[in-house]
Amino acid sequence: MGLGWMEIGTILIVAMVVFGPERLPGLAKQAAGFVKMLKQMAQNAKAELSQELGDDFKDIKLRDLDPRVAIRDAMLSEPPPAAPAESNQSRMLRPDEVPPFDAEAT
């Protein structure tokens, strides 16, 4: 969803009409300074976040934290190989056989 040349031209014409050609360069300079300040704030926030998280997360990108990216990557990735089925879980017990008991699970 970007701006095309028609949209940019329309915005410039409206800005010239509203602000006038003599004030437009000053407003453009203020807007550029505002964008530069926002970029600096974002870089400082990223640096502080990576410093707080430590070395374990030094390779992580902020884009990786976006849930939409995580879901897309999970959906497009190869499914893990299926684990082989264990033979004792897939067979039926005989009438006189005692089911397995795990003392740690109870």
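What percentage of the 106 residues of the chain count as buried? The figure is 5%, where buried means under 20% relative accessible area, exposed means over 50%, and partly exposed covers the range in between, with a 1.4 Å probe and protein chains only.

Some conventions must be stated. This is a predicted model, in which local features need pLDDT of at least 70 and side-chain atom pairs count only at pLDDT 80 or more, while totals for chains, interfaces and linings use all residues. Residues are numbered from 1 along each chain as its sequence is written, and side-chain values use heavy atoms, with hydrogens and water left out.

Let me turn to the overall dimensions. The radius of gyration of the chain is 30 Å, whereas a compact globule of 106 residues would have a value near 13 Å. That radius is taken over C-alpha atoms, and the globule rule is 2.2 Å times the number of residues to the power 0.38. Along the principal axes, the C-alpha atoms fill a box of roughly 95 × 35 × 25 Å. The accessible surface of the chain is about 10,500 Å², and carbon and sulfur atoms account for 63% of that area. Such areas come from the Shrake-Rupley method with a 1.4 Å probe; for residues, only the protein chains shown count as cover.

Next, the secondary structure. The chain has four helices and zero strands, and its pattern along the sequence reads α-α-α-α. Helices (H or I, at least four residues) and strands (E, at least two) are DSSP runs, numbered from the N terminus.

Helix α1 covers residues 5-19 and has 15 residues. Its first and last C-alpha atoms are 21 Å apart, close to the 21 Å expected at 1.5 Å a residue; the expected span is 1.5 Å times one less than the number of residues. Helix α2 has 30 residues and reaches 43 Å, close to the expected 44 Å. After α1 comes G20, whose phi is positive, near 90°. After α2 comes G54, whose phi is likewise positive, near 90°.

A31 lies in helix α2 and is partly exposed, at 40% relative accessibility. Between A31 and L62, 31 residues apart in sequence, the C-alpha distance is 25 Å. M92 is located in the segment after α4 and counts as exposed at 72% relative accessibility. From M92 to G2, 90 residues away in sequence, the C-alpha distance is 62 Å.

I now come to the charged side chains. How many salt bridges does the structure hold? There are two, a salt bridge being a side-chain nitrogen of Lys or Arg within 4 Å of a carboxyl oxygen of Asp or Glu.

One of them joins D66 and R68, with the closest N and O atoms 3.1 Å apart. D66 lies in the loop between α2 (24-53) and α3. D66 counts as buried because its relative accessibility is 18%, whereas R68, at 65%, counts as exposed. The side chains of D66 and R68 are also joined by a polar contact of 3.1 Å. A polar contact is a pair of N or O atoms within 3.5 Å; within protein, one must be able to donate a hydrogen and the other to accept it, and residues adjacent in sequence count only if both atoms are side-chain atoms.

A salt bridge also links D73 and R72, at 3.8 Å from N to O. Here D73 is partly exposed at 42%, and R72 is partly exposed at 40%.

S77 belongs to the loop between α3 (67-76) and α4 (87-90) and is partly exposed, at 41% relative accessibility. Its side chain reaches the backbone oxygen of A74 at 3.1 Å. S77 and L38 are 39 residues apart along the chain, and their C-alpha atoms are separated by 35 Å.

Finally, the nonpolar surface. Which residues form a nonpolar patch there? They are L49, L53, F57, I60, L62 and L65, together exposing about 520 Å² of accessible area. Patches are made of residues with over 30% relative accessible area and no salt bridge, with like charges joined within 9 Å and nonpolar side chains (Val, Leu, Ile, Met, Phe, Trp, Tyr) within 5 Å. F57 is found in the loop between α2 and α3 and counts as partly exposed because its relative accessibility is 42%.
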